[in-house]
Amino acid sequence: MKKIFIYYSNTGNGDTVAEYLKDKADIRKVIPKKDLPKSFFFKIMTGGFYTIIDYKSKLVNFDSNIDEYDEVIIGSPIWNARLSSPINTVLDKIDLSNKKVTFIFWSGSGTSSEATKKVQSLFKNVKIIDLQEPSKNPKELDKIKKEL
Ligand SMILES: Cc1cc2nc3c(=O)[nH]c(=O)nc-3n(C[C@H](O)[C@H](O)[C@H](O)COP(=O)(O)O)c2cc1C
């Protein structure tokens, strides 16, 4: 089974997950043309607004071809209980039919209520792994070992 991990990260927690997965899967990080502002206040305001309008960020050189993979693992930080805007774009641009699909979410609380609802409505039998700030809590990565 050939696997790919497609993810976005704003503050590095996703990079911690990618580092952990790099021997098990190919890695494709998505980069938005315009990332969230640096200041915490504007970051929360902008990201929060994006979730309300279900915004799909424009991405830099995104390669949507996943033909050679059997399993696609999609990773997103949780924003306002929802998916991040670059991952909204990924879901819009790639064809996941006939693929085994797993989502890894990471957040401050380790919960992902609306994102979970959304991906469960899009994909049957989807596996979801919730992590709490994996850069600060590397033991959270053990959850991936158990599930993948
Ligand atoms: C706009 C925004 C909204 C967020 N909303 C939530 C949330 O609803 N629940 C939560 O637990 N954490 C929330 N967080 C925290 C992030 O999910 C968390 O810090 C995550 O690990 C960041 O991942 P990254 O370092 O890969 O960008 C939010 C962060 C941002 C920037």
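## Paired strands

Two strands pair if DSSP finds at least two bridges between them. Strands (E, at least two residues) and helices (H or I, at least four) are DSSP runs, numbered from the N terminus. The model you are looking at is predicted, so local features need pLDDT of at least 70 and side-chain atom pairs count only at pLDDT 80 or more, while totals for chains, interfaces and linings use all residues. Residues are numbered from 1 along each chain as its sequence is written, and side-chain values use heavy atoms, leaving out hydrogens and water.

Let's start with E5 and E6 (residues 127-132): they run parallel and are joined by six bridges. Ile104 stands opposite Ile129 in E6. On the way from E5 to E6 the chain passes through H4, making a right-handed β-α-β crossover (clockwise from the first strand over the helix to the second, with the strands pointing away from the viewer).

## A covered helix

Now find helix H3, residues 85-93. Seven of its nine residues are buried, meaning under 20% relative accessible area with a 1.4 Å probe, protein chains only. Among them are Pro86, Ile87 and Leu91. The cover over these buried residues includes strand E1 (3-7), strand E4 (82-83) and helix H4 (113-122), in contact through heavy atoms within 4.5 Å.

## Lining of the largest pocket

A pocket is an open set of points on a 1 Å grid over the protein atoms alone, where a 1.4 Å probe fits, with protein on both sides within 12 Å along at least five of seven lines; lining residues have an atom within 4 Å of a point. Twenty residues line the largest pocket, and Thr11, Lys43, Ile44, Ile78 and Trp79 lie nearest its centre. H2 gives the most to this lining, with five residues.

Terms used:
Buried < 20%, exposed > 50% of the residue type's maximum accessible area, 1.4 Å probe, protein only.
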